[in-house]
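These are my notebook entries on one chain. I set down what I looked up, entry by entry.

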Amino acid sequence: MEKSKKSLGAGFDSVTGRIRRFCADTVAEMRRCSWPSRRQLLESTVLVVVAMVILACFVAGVDEIAMWLIRLVTVRG
């Protein structure tokens, strides 16, 4: 009975130890990263938003043209 409790406890310590080590390694790795400045982050964000708006307009335009062509082909007059 005593032996089975120890083996269960050892497994728990092993898992928690690995989780702690993973968290510590993650924090250490995040400190080594080079983070963008506030200005670089703002410029990148604006660039992404502008690109998304342009792409959305393009997709909407293609959709409208496709709908017009489909109506032209399917509507019998």
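I began with Glu 43, which is partly exposed at a relative accessible area of 45%. For these classes I used a 1.4 Å probe and protein chains only: buried means under 20% relative accessible area, exposed over 50%, and partly exposed in between.

Before going further I noted that the model is predicted: local features need pLDDT of at least 70, side-chain atom pairs count only at pLDDT 80 or more, and totals for chains, interfaces and linings use all residues. Residues are numbered from 1 along each chain as its sequence is written, and side-chain values use heavy atoms, with hydrogens and water left out.

**Entry: the partner of Glu 43.** I looked up which side chain meets Glu 43 in a salt bridge. The partner is Arg 39, at 3.1 Å from N to O. A salt bridge here is a side-chain nitrogen of Lys or Arg within 4 Å of a carboxyl oxygen of Asp or Glu. Arg 39 counts as exposed, with 63% relative accessibility.

**Entry: salt bridges in the chain.** How many salt bridges does the count give? I recorded two. Arg 32 pairs with Glu 29, and their closest N and O atoms are 3.0 Å apart. Both residues belong to helix H1 (residues 2-32), three residues apart, about one turn of the helix. Arg 32 is exposed at 62% relative accessibility, while Glu 29 is partly exposed at 43%.

**Entry: secondary structure.** I found two helices and zero strands in the chain. Helices (H or I, at least four residues) and strands (E, at least two) are DSSP runs, numbered from the N terminus.

**Entry: surface.** Of the 77 residues of the chain, 0% count as buried. The chain exposes about 7,600 Å², of which carbon and sulfur atoms supply 69%. I then noted a nonpolar surface patch of about 560 Å², made by Ile 65, Trp 68, Leu 69, Leu 72 and Val 73. Patches take residues with over 30% relative accessible area and no salt bridge; like charges are joined within 9 Å, nonpolar side chains (Val, Leu, Ile, Met, Phe, Trp, Tyr) within 5 Å. Areas come from the Shrake-Rupley method with a 1.4 Å probe; for residues, only the protein chains shown count as cover. Leu 69 lies in helix H2 and is partly exposed at 41% relative accessibility.

**Entry: cysteines.** I counted zero disulfides, a disulfide being a pair of cysteine sulfur atoms within 2.5 Å. Cys 33 is partly exposed, at a relative accessible area of 33%, and Cys 57 is exposed, at 52% relative accessibility.
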